[in-house]
Amino acid sequence: MNKSSINVGLIGFGIGGQVFHAPIITSVDGLRLHKVSARRPEQLEILQRRYSDTRIVDNADAIIHADDIDLVVVATSNDMHYPFAKAALLAGKHVVVEKPFTNTTAEADELIALAKQQNLRLSVHHNSRWHSDYLTVQKVAASGRLGRLVSFEARFDRFRNALRPNAWREADLPGSGIWYDLGAHLVDQTMQLFGLPLAVNADLRIQRPGAGAVDDFDVILHYPNQLKASLKGSMLVKEPTPRYALYGMDGAFVKPGVDPQEAALRAGLSPKGDPDWGKEPREIWGKLNVLENGEDRIEYVESERGDYPAFYRNIYDAIANGKELAVLPEHARNVIYVIEMAEKSWAERRTVDLQF
């Protein structure tokens, strides 16, 4: 393509569009937030105040079929990911879809085939690969200091004991609930660490009165050599637990705290020009406890820098310079497959073998 500037159209300006897409897109050289679809007064106010050079439209078609849009970003409710992404690909646009990619593996397969047919770039916003805590876990896992890994634990919790009015994520709708929402992050991270799992065993519950979608999950992914990945999430965790734990034959690494980027973005900050962006405070560095040369060694591992903009820098390089996508659509498709098979596991109360 070799364009110095890529015009981006953002469909959806709820929390996803406001927090995770618009401020990151506008921080990346070469990407221009050209059009955003929004209708609510509070969304229009934020757009006019923060992105005065961006055109506001009131429907997705005004972005999908616009001649001056190169890249369409779909940041809507999960039920609209597939139809909007399909329409954009058919209109000749490159596409980024918020995770979860789609609600079914079949939909994901169709979009992947369509993108190849159209010779267009298609990626999914698995931005948690660039969380400071996860990048640190990735570094420790690769270091070999824990010996053969036997167990990986990852959690993504919230505390909200009352339902939000009119919240689609908590309604009985396809793709709703925290297994699709938060679980998709953990499944993607786990598969980046260890590859494709052999089997899945899941416990997916609705624990809060009146909730229509899963608000508690406890999922085990089985790997070769007796490695177990335990993924958990709940809407009823008032006391923080460690976000990650790695256990190996020679020791353990436990990581508390939360990547700081989301909080900064929700506060209206931007990574552009911030030399401390994504930097964790010392008090939430992870603890490494290993047996080396017959002696116990305990140390705290400085956290890696979180880097949400890395996702969109890669999108720019893939479109403009032909670089490989960091998040291939096939990666995101496999996440959806694991999510679906976990639902099958819970429905049938059994461990389900996986066949990718």
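The protein has eleven helices and 15 strands. Both are DSSP runs numbered from the N terminus: helices are H or I with at least four residues, strands are E with at least two. Its radius of gyration is 20 Å, close to the 21 Å from the globule rule for 356 residues, so the protein is as compact as a globular protein of that length. That radius is taken over C-alpha atoms, and the rule is 2.2 Å times the number of residues to the power 0.38. This is a predicted model, in which local features need pLDDT of at least 70 and side-chain atom pairs count only at pLDDT 80 or more, while totals for chains, interfaces and linings use all residues. Residues are numbered from 1 along each chain as its sequence is written, and side-chain values use heavy atoms, with hydrogens and water left out.

**Overall build**

- The C-alpha trace spans about 65 × 50 × 40 Å along its principal axes.
- Of the 356 residues, 53% are buried. Buried means under 20% relative accessible area, exposed means over 50%, and partly exposed lies in between (1.4 Å probe, protein chains only).
- Among contacts with a separation of 6 or more, 71% join residues 24 or more positions apart. A contact means heavy atoms within 4.5 Å.

**Surface and charge**

- The accessible surface comes to about 16,000 Å². Carbon and sulfur atoms hold 48% of that surface. The areas come from the Shrake-Rupley method with a 1.4 Å probe; for residues, only the protein chains shown count as cover.
- There are 42 positive and 47 negative side chains. Lys and Arg count as positive, Asp and Glu as negative; His and the chain ends are not counted.
- The centres of the two charge sets lie 1 Å apart. Each charge is placed at NZ of Lys, CZ of Arg, CG of Asp or CD of Glu.

**The nonpolar core**

- The largest nonpolar core has 106 residues. Such a core is a set of buried Ala, Val, Leu, Ile, Met, Phe, Trp, Tyr and Cys residues joined through side-chain atoms within 4.5 Å.
- Phe13, Phe101, Phe152, Trp179, Phe217 and Tyr312 touch the most other members of this core.
- Tyr312 is in contact with His21, Ile24, Ile25, Val28, Leu31, Val73, Val96 and His125, leaving aside neighbours within four places in sequence.

- Val8 lies in strand β1, residues 6-11. Val8 is buried, at 1% relative accessible area.
- Beyond four places in sequence, Val8 touches Ile25, Leu31, Arg32, Leu33, His34, Lys35, Ile69, Leu71 and Val73.
- Val8 and Ile112 are 104 residues apart in sequence; their C-alpha atoms are 20 Å apart.
- Ser123 sits in strand β6, residues 122-125. Ser123 is buried too, with a relative accessible area of 1%.
- Partners of Ser123, not counting residues up to four places away, are Val95, Val96, Val97, Phe311, Ile315, Leu325 and Val327.
- Leu325 is 202 residues from Ser123 along the chain, yet their C-alpha atoms are separated by 7.3 Å.

**Two partly exposed residues**

- His222 belongs to strand β9, residues 216-222. His222 counts as partly exposed, at 31% relative accessibility.
- His222 touches Pro197, Leu198, Ala199, Val200, Asn201, Leu227 and Thr351, with residues up to four places away not counted.
- His222 and Arg164 are 58 residues apart along the chain, with 35 Å between their C-alpha atoms.
- Ser270 lies in the loop between α9 (261-266) and β13. Ser270 is partly exposed, with a relative accessible area of 31%.
- Ser270 touches Pro23, Ser27 and Trp277, again not counting residues up to four places away.
- Val140 is 130 residues from Ser270 along the chain, and their C-alpha atoms are separated by 28 Å.

**Backbone features in loops**

- The peptide bond from Lys99 to Pro100 is cis, with omega near -5°. Pro100 lies in the loop between β5 (94-98) and α5 (105-118).
- Asn293 is not a glycine, yet its phi is positive, near 55°. The loop between β13 (286-292) and β14 (295-301) holds Asn293. Asn293 counts as exposed, at 81% relative accessibility.
- Arg349, also not a glycine, has a positive phi of about 50°. Arg349 lies in the loop between α11 (329-348) and β15 (352-353). At 56% relative accessibility, Arg349 counts as exposed.
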